[in-house]
Amino acid sequence: MEPLRSRICMLVSRLWTVISKALFAEFLATGLYVFFGVGSVLRWPSALPSVLQIAITFNLATATAVQVSWKTSGAHANPAVTLAFLVGSYISLPRAMAYVAAQLTGATVGAALLYGLTPGNVRGTLGINVIYFTGCSMNPARSFGPAVIVGKFTVHWIFWVGPLTGAVLASLIYNFILFPDTKTVAQRLAILMGTTAEEKVVEVQPEKKDSQCNSEDIEVSV
């Protein structure tokens, strides 16, 4: 029993290490994205940002977020992306929920840091989405973080319903129409619940060929 128990403890420890690293990566990536992205939309008195500058900054922030987290967590940094992975049966429901929690926490921390580091006349409403039609927020975490810090949730639901609906539709079209995979319903349910059994990899050892043949190995028929 002791060897079995130790193996189980070791497996749980390794699993927790992997999950905790992935969650921290999502937390960090989303925090960086919100900090720099939202920072670009603030009304800096020396030079008001243009739409082009804001777009470039958000794209660079996205690239940075992907670079720091893609090896560890897959670089979601967006609840809509996580939902798309969930619909496509690439991630379990528990992991998806943990990812979203880490993303929202990171977005809130990133917005809080930005709020604390910028002067009051600059931060204003901290870039909450009230410009043009929607503010072009395709990341619910980007909308959530500043809204929590300034306490304004006016029409906030739009920035969840829009991106999440688009993510579901895109995932369905990609995974079931354009590039359908061969997962069965049982496999999808197993992935959804996080109960997929690990495949057992059987190593096939190549047969050793001796350069010299023994007389016992050779059968001579007369």
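Begin by selecting Asp181, which is partly exposed because its relative accessible area is 26%. Before you look around this residue, please keep in mind that the model is predicted.

**Stop 1**

Is Arg188 buried or exposed? Arg188 is buried, because its relative accessible area is 15% and the cut-off for buried is under 20%. Show the three residues together: salt bridges with shared partners join Asp181, Lys183 and Arg188 into one network. Side chains of opposite charge can pair when their charged atoms come close. How many salt bridges does the structure hold? The count is 2.

**Stop 2**

Switch to a surface view and colour Phe85, Tyr90, Leu169, Leu172, Ile173, Tyr174, Phe176, Ile177, Leu178 and Phe179. Together these residues make a nonpolar surface patch of about 1000 Å². Which helix gives the patch its largest share? Select residues 158–178 and you have helix α7, which supplies 7 residues of the patch.

Pick out Leu178, which lies in helix α7. This leucine is exposed, because its relative accessible area is 53% and the cut-off for exposed is over 50%.

**Stop 2: helix α3**

Go back to the cartoon and select residues 79–87, which form helix α3. Its buried residues are Pro79, Ala80, Thr82, Ala84 and Leu86. What do they pack against? Show α4 (93–117), α6, α7 and α8 (185–193), and you will have the packing partners of these buried residues on screen.

Next, look at the two ends of the helix. At the start of α3, a side-chain oxygen of Asn78 comes to within 2.9 Å of the backbone nitrogen of Ala80. Just after α3, click on Ser89, which takes a positive phi of about 65°.

**Stop 3: inside helix α6**

Select residues 140–150 to bring up helix α6, where you will find Ser143. Ser143 counts as buried because its relative accessibility is 3%. Which residues does Ser143 contact, leaving aside its neighbours within four places in sequence? Show Asn129, Ser137, His156 and Phe159 to see them.

Stay in helix α6 and move to Gly145. Gly145 counts as buried too, at 0% relative accessibility. Beyond its neighbours within four places in sequence, Gly145 is in contact with Ala107, Thr108 and Ala111. Now draw a distance from the C-alpha atom of Gly145 to that of Thr105: these atoms are separated by 7.9 Å, although the residues are 40 apart along the chain.

**Stop 5**

For one of them, select Phe144 and Trp160: their ring centres are 6.4 Å apart and their planes are at 85°, so the pair is edge-to-face. Since Phe144 lies in helix α6 and Trp160 in helix α7, the pair ties together parts that are 16 residues apart in sequence.

Phe144 is partly exposed, with a relative accessible area of 22%, and Trp160 is partly exposed at 21%.

**Stop 4: Thr30 in helix α1**

For the last stop, select residues 2–39, which make up helix α1, and find Thr30 there. At 0% relative accessibility, Thr30 counts as buried. Where does its side chain reach? Show the backbone of Glu26: the side chain of Thr30 reaches the backbone oxygen of this residue at 2.7 Å.

Finally, display Ala77, Gln103, Gly106, Ala107 and Ala141. Thr30 is in contact with these residues, its neighbours within four places in sequence being left aside.

Note on methods:
Residues numbered from 1 in each chain as written. Predicted model: local features only at pLDDT ≥ 70, side-chain atom pairs only at ≥ 80, totals over all residues. Heavy atoms only, no water. Helix = DSSP H or I, 4+ residues; strand = E, 2+ residues; numbered from the N terminus. Buried < 20%, exposed > 50% of the residue type's maximum accessible area, 1.4 Å probe, protein only. Contact = heavy atoms within 4.5 Å. Patch = residues over 30% accessible without salt bridge, like charges linked within 9 Å, V, L, I, M, F, W, Y side chains within 5 Å. Areas by Shrake-Rupley, 256 points an atom, 1.4 Å probe, with all protein chains shown as cover. Salt bridge = Lys/Arg side-chain N within 4 Å of Asp/Glu carboxyl O. Polar contact = N/O pair within 3.5 Å; in protein donor to acceptor, adjacent residues only side chain to side chain. Phe/Tyr/Trp six-rings, centres within 6.5 Å; stacked < 30°, edge-to-face > 60°.
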